[in-house]
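Let's take a walk through a protein model, one piece at a time.

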Amino acid sequence: MFKENHISINEPVSTFLKNFPHDKKITVKHLLTHTSGLFESLDDPIYREQLYTTRQFTSEEKMAFFIEKPLEFNPGSKFSYSNSGNDLLGIIIEKVSGETYEECLQKYIFKPLKMTNTGLVYSALKKESKKVNGYTYLSNTKQKEAKLWNPYLSFSSGALYSSIGDLQKFYNGLKTFKIVSKESFEAATTAYLGGYGYGWFIDTIGGNKIINHGGNIEGFTSYFLLNTENDLCIILLNNITSASLERIGNSIYQIMTNQIYVIPKPKQEIELKPDVLRSYIGQYEVSKDYITKITLENNTLFLQINNDTKLKLSAEKENVFFIKDEDMNVEFTLKQNNIFEIKIKEGLSTKTGDKTK
């Protein structure tokens, strides 16, 4: 039977999963802060294929996509958003509680807050009037209907569905400490590596601390921002894959707090000087299995991940690039040791790596 305070964030994952191969290297805190170094399931082509099935997956089958793969970096050394880590947290909850992940969510969050339109298996919703189709963005004039991901595989990293009303109840539950203590909430919203807490990005807008997180699966995008000092919460849900929802939410926050704001517009490509472009040329290592090459052809940068097709990079800022009609952003940062770091954001995945050549 589940016991309160039974999981310590400093406990190794191997405490709860006896056959976990990484012994005491990875802790629950590493999973919460996305600093575990676990291989990203979404990078496995077989995993992506299985997302479009409807069969149920056991915990062992879900872990098989990442558990035996080499770590991408030493746990605790860097931030890299990990859907594998989120799924592993859900598996630990099931192991400790003896209940399913959804049963735990219902018991500790949904039912106490009366979130009656929230769950994990979207296809099981009986009222068709409450359901919407999701769409994949192809271009400003072209979209296609998206096929639902398998909730038994996307699990605790991407299966949750909800409504604006229910998410407002969730915000009210957080700010009144109904579902977590004040101490736990403050710990969760303290920034660690990459400006990330326990399940939240921690940032500032106009000097105000904001706590936020986006969600992105094929066909659906969400953004949740809160600032308890001003008692503000912004909830955005979109039934299309979108790369602009976060910018829209931040602009809304600026409007509500009487700050200077910019209405988000489609990304505009700017021209950069050749010497700036040349400085980014090279090879960047996210992990031994994730090598990124940046090349320059006819004064245009191209990105190639491993041996995949080269993708043209369009400059949005001097160090920030986007790929037209793709939900991918690339940012270059010069670190203190004068080595460039690359950050690749694609949907929910954020990868970082240093320039090695």
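This is a predicted model: local features need pLDDT of at least 70, side-chain atom pairs count only at pLDDT 80 or more; totals for chains, interfaces and linings use all residues.

Is glutamate 72 buried or exposed? It counts as buried, because its relative accessibility is 10% and the cut-off for buried is under 20%. What is around it? Leaving aside neighbours within four places in sequence, glutamate 72 is in contact with Gly37, Leu38, Phe39, Glu40, Asp43, Val286, Ser287 and Lys351.

The largest nonpolar core has 38 residues, and Leu88 and Trp200 are the ones with the most contacts inside it. Two or more residues each come from α1 (28–32), α4 (83–97), α5 (101–110), α7 (164–175), α8 (182–188) and β5. Of these, α4 gives the most, with five residues. Take a look at leucine 88: not counting residues up to four places away in sequence, it touches Val13, Leu17, Phe20, Leu31, Leu38, Met63 and Phe66. There is another core, apart from that one, made of 21 residues, among them Leu277, Ile294, Ile305 and Phe340.

Next stop is helix α6 (residues 151–158), which is mostly covered: seven of its eight residues are buried. The buried ones are Pro151, Leu153, Ser154, Phe155, Ser156, Ser157 and Gly158. What does the covering? The list includes α2 (45–50), α3, α4, α5 and β4. At the start of α6, have a look at asparagine 150: a side-chain oxygen of this residue comes to within 2.8 Å of the backbone nitrogen of tyrosine 152.

Time for a sheet. Strands of a sheet pair through backbone hydrogen bonds, either parallel or antiparallel. Here you'll find an open sheet of four strands in the order β3-β4-β5-β6, and the pairing is antiparallel. At the edges are β3 (201–205) and β6 (232–238), each of which pairs on one side only. On average, neighbouring strands of this sheet are turned by 25° against each other, direction ignored. Zoom in on β5 (residues 220–227) and you can see how it is tied to β6: seven bridges join the two, running antiparallel. As one example, phenylalanine 224 has isoleucine 235 in β6 as its bridge partner. Helix α9 (residues 245–256) packs on the sheet and touches β3, β4 (208–217), β5 and β6, with its direction at about 150° to that of β6.

Glutamine 259 is buried because its relative accessible area, 18%, falls under 20%. Its contacts, leaving aside neighbours within four places in sequence, are Ile205, Gly206, Asn208, Tyr253 and Gln254. A polar contact of 2.9 Å also joins the side chains of glutamine 259 and threonine 257. How far apart are glutamine 259 and threonine 204 in sequence and in space? They are 55 residues apart in sequence and 13 Å apart in space, C-alpha to C-alpha.

Further along, some backbone angles deserve a look. Most residues other than glycine have a negative phi, and most peptide bonds are trans. Asparagine 298, in the loop between β8 (290–297) and β9 (300–305), has a positive phi near 50°. Asparagine 299 lies in the loop between β8 and β9 too, and its phi is also positive, near 65°.

Our last stop is a hairpin formed by β13 and β14, with five residues between the strands. In its turn, asparagine 338 has a positive phi of about 60°. Seven bridges join β13 (residues 328–334) to β14 (residues 340–346), and the two run antiparallel. Find valine 330 and look across to β14: isoleucine 344 stands opposite.

Notes: Residues are numbered from 1 along each chain as its sequence is written. Side-chain values use heavy atoms; hydrogens and water are left out. Two strands pair if DSSP finds at least two bridges between them. Axes are lines fitted to C-alpha atoms, for helices over the stretch in contact, and angles run from 0 to 180 degrees between N-to-C directions. Contact means heavy atoms within 4.5 Å. Buried means under 20% relative accessible area, exposed over 50%, partly exposed in between (1.4 Å probe, protein chains only). A polar contact is a pair of N or O atoms within 3.5 Å; within protein, one must be able to donate a hydrogen and the other to accept it, and residues adjacent in sequence count only if both atoms are side-chain atoms. A nonpolar core is a set of buried Ala, Val, Leu, Ile, Met, Phe, Trp, Tyr and Cys residues joined through side-chain atoms within 4.5 Å.
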